[in-house]
Amino acid sequence: MTRRIYTVGQVNRYLKRLFWQDGLLASLEVSGEVSNLKYHSSGHIYFSLKDQTGALSCVMFAGSRRGLAFPMKNGDQVVVSGNIDYYERDGRCQLYAKRITLAGAGLLYERFLRLKEELESRGMFAEQYKKPIPRYARRIGVVTAPTGAVIHDIGNVAARRNPYVEILLCPALVQGAGAAESICRGIRRLDGKVDVIIVGRGGGSIEDLWPFNEESVAQAIFDCGTPVISAVGHETDTTIADYVADLRAPTPSAAAELAVFDFRAFAGTLDSYRTALNRGVSRRLEAARQRIRWAGLVLARSAPDRRLRDARLRADECADALTGALSGRIGAAETRAEAVRNEMRAVMKSRLSSAFERSEAIRRTFDQDVRSSLLKADRRLALLAGRFHGISPLARLRQGYAFAETEDGRAVTGIGGLRRGDALRLYMSDGLVHTEITGTEAVPWISESQSEDRTDEERRTGHGIGTNEAGGDGALG
């Protein structure tokens with residue numbers, strides 16, 4: 001009998017065909033304990049399932065990772081769904097996992113996935129419904145068990161970050177029968193009474209955390225008008241409440257860090273704002289003072305007393321010119337008239353008729369010339385008088401200025417020589433006011449302006465303006 005010798009490849013291919021032909025191995029679920037777990041950098045997960053009788057190699061490719069909804073670790077009791085195939089290169093069979101659930105929690109996990117999908121389709125996880133967590137919360141509500149590490153951890157964090165924040169605890173059952181209703185009741189009681197609500201508990205199995213996977217709790221969080229932070233379990237635990245809440249914290253302590261603002265940092269920020277504000281106000285005030293000083297200089301250059309002085313000088317010049325012009329015209333007219341009269345007397349006897357006629361003609365011409373000259377002079381005088389009236393001291397009195405003099409009639413031109421208690425008379429547009437000095441104060445820009453004006457006036461006229469001559473200006477205004 002001839003022996004048939006097979007190669008390793010032939011045997012492996014034959015075994016692989018046997019695995020393909022077995023319908024049971026194409027789709028099955030295997031339970032066991034996870035061991036030799038390795039998360040590969042490629043995204044694949046390699047592990048073994050073992051029980052008291054043996055072990056089975058398993059692999060979950062990166063494309064199937066959606067079938068794993070929890071962080072798997074060695075020692076977990078799991079149920080793996082997939083197919084068994086023969087790996088020719090290594091000559092071994094292994095289970096190709098498509099889905100992995102925790103053993104004993106399969107039904108709850110199915111309920112979790114169905115409810116998550118339903119609430120997501122209703123938009124309860126949508127970002128547009130997420131309310132912002134207040135940056136400076138002063139009252140923080142906590143829905144959790146009154147005993148345990150959660151409220152203790154939150155209190156420690158709050159005391160460290162901000163001892164002035166108020167923590168309101170609404171005790172609630174967080175596990176077992178009636179826990180979901182207790183949690184909902186706590187959320188509704190705190191809504192509107194605090195700035196932010198923390199809903200949470202410590203870690204546990206999916207059964208322990210199940211109240212936070214109930215639809216009623218998700219609806220209560222979604223309907224709450226106050227921002228809600230979910231802090232359920234440890235960092236690796238995920239519940240429906242985490243998806244619905246406005247913010248998820250990996251742990252209760254992290255939730256307190258997010259809700260309680262750091263008072264020391266806040267005070268430091270306020271100090272920096274105060275310093276910047278004071279610096280800005282100081283700059284604005286200095287700029288305003290500069291503008292005031294500049295306005296004072298401009299006002300000193302265009303002060304009313306300087307303009308009044310110039311107008312007075314122009315009026316005097318015009319009056320002198322008008323007087324000289326009238327005197328000259330009148331003198332010339334008188335000289336001409338006398339010459340005509342002498343001529344008329346010389347030829348009166350010989351040319352009485354013609355002289356009379358000529359005398360009448362000359363008289364008419366003379367009268368017309370004089371009347372015309374006088375009319376022109378009168379018009380010019382009226383014009384100059386109108387201008388002089390506009391700048392007269394009496395007109396200034398009617399504009400709110402006043403003339404001051406002492407009781408013995410001396411005009412007051414400055415504060416020099418005045419003492420507290422001195423009596424003064426103030427002439428106004430419609431009467432006289434008797435007053436008494438209670439104090440004097442030198443105004444630098446007025447003093448400088450008057451000093452400059454007096455020096456200019458004295459240089460032109462040879463005398464000061466602080467007199468009471470010709471009606472006297474005194475100390476107007």
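Predicted model: local features only at pLDDT ≥ 70, side-chain atom pairs only at ≥ 80, totals over all residues.

Tutor: Residues are numbered from 1 along each chain as its sequence is written, and side-chain values use heavy atoms, with hydrogens and water left out.

Student: What percentage of the residues in the protein chain is buried?

Tutor: The chain holds 13 helices and 13 strands, where helices (H or I, at least four residues) and strands (E, at least two) are DSSP runs numbered from the N terminus. Buried is taken as under 20% relative accessible area, exposed as over 50%, and partly exposed as in between, with a 1.4 Å probe and protein chains only. Of the 477 residues in the protein chain, the buried share is 32%.

Student: Which residues have the most contacts inside the largest nonpolar core?

Tutor: A nonpolar core here is a set of buried Ala, Val, Leu, Ile, Met, Phe, Trp, Tyr and Cys residues joined through side-chain atoms within 4.5 Å. The largest one has 35 residues, and the elements giving two or more residues to this core are α3 (106-121), α5 (179-190), β8 (196-201), α6 (215-223), β9 (228-232) and α7 (240-244). Another core, of 21 residues, lies apart from it and has Phe-47 and Met-72 among its members. In the largest core, the residues with the most contacts are Val-143, Ile-187, Ile-197, Val-199 and Ile-221.

Student: Which elements are included in what covers the buried residues of α5?

Tutor: Helix α5 has twelve residues and reaches 17 Å from its first C-alpha to its last, close to the 16 Å expected at 1.5 Å a residue, the expected span being 1.5 Å times one less than the number of residues. Its buried residues are Ala-179, Ala-180, Ser-182, Ile-183, Cys-184, Gly-186, Ile-187 and Leu-190. Contact means heavy atoms within 4.5 Å, and the cover over these buried residues includes β6 (139-144), β7 (166-171), β8 and α6.

Student: How does Lys-98 count, and at what relative accessibility?

Tutor: Lys-98 has its place in strand β5 (residues 92-102). Leaving aside neighbours within four places in sequence, Lys-98 is in contact with Met-60, Ser-64, Gly-67, Ser-81, Gly-82 and Asn-83. Lys-98 counts as partly exposed, because its relative accessibility is 49%.

Student: At what angle do helix α4 and helix α8 pack?

Tutor: Two packed helices are described by the angle between their axes and the distance between the axes. Here axes are lines fitted to C-alpha atoms, for helices over the stretch in contact, and angles run from 0 to 180 degrees between N-to-C directions. Val-150, Asp-153, Ile-154, Val-157, Arg-160 and Arg-161 in α4 meet Pro-252, Ser-253, Ala-256 and Glu-257 in α8. With their axes 8 Å apart, α4 (residues 149-161) and α8 (residues 252-259) pack at an angle of about 35 degrees.
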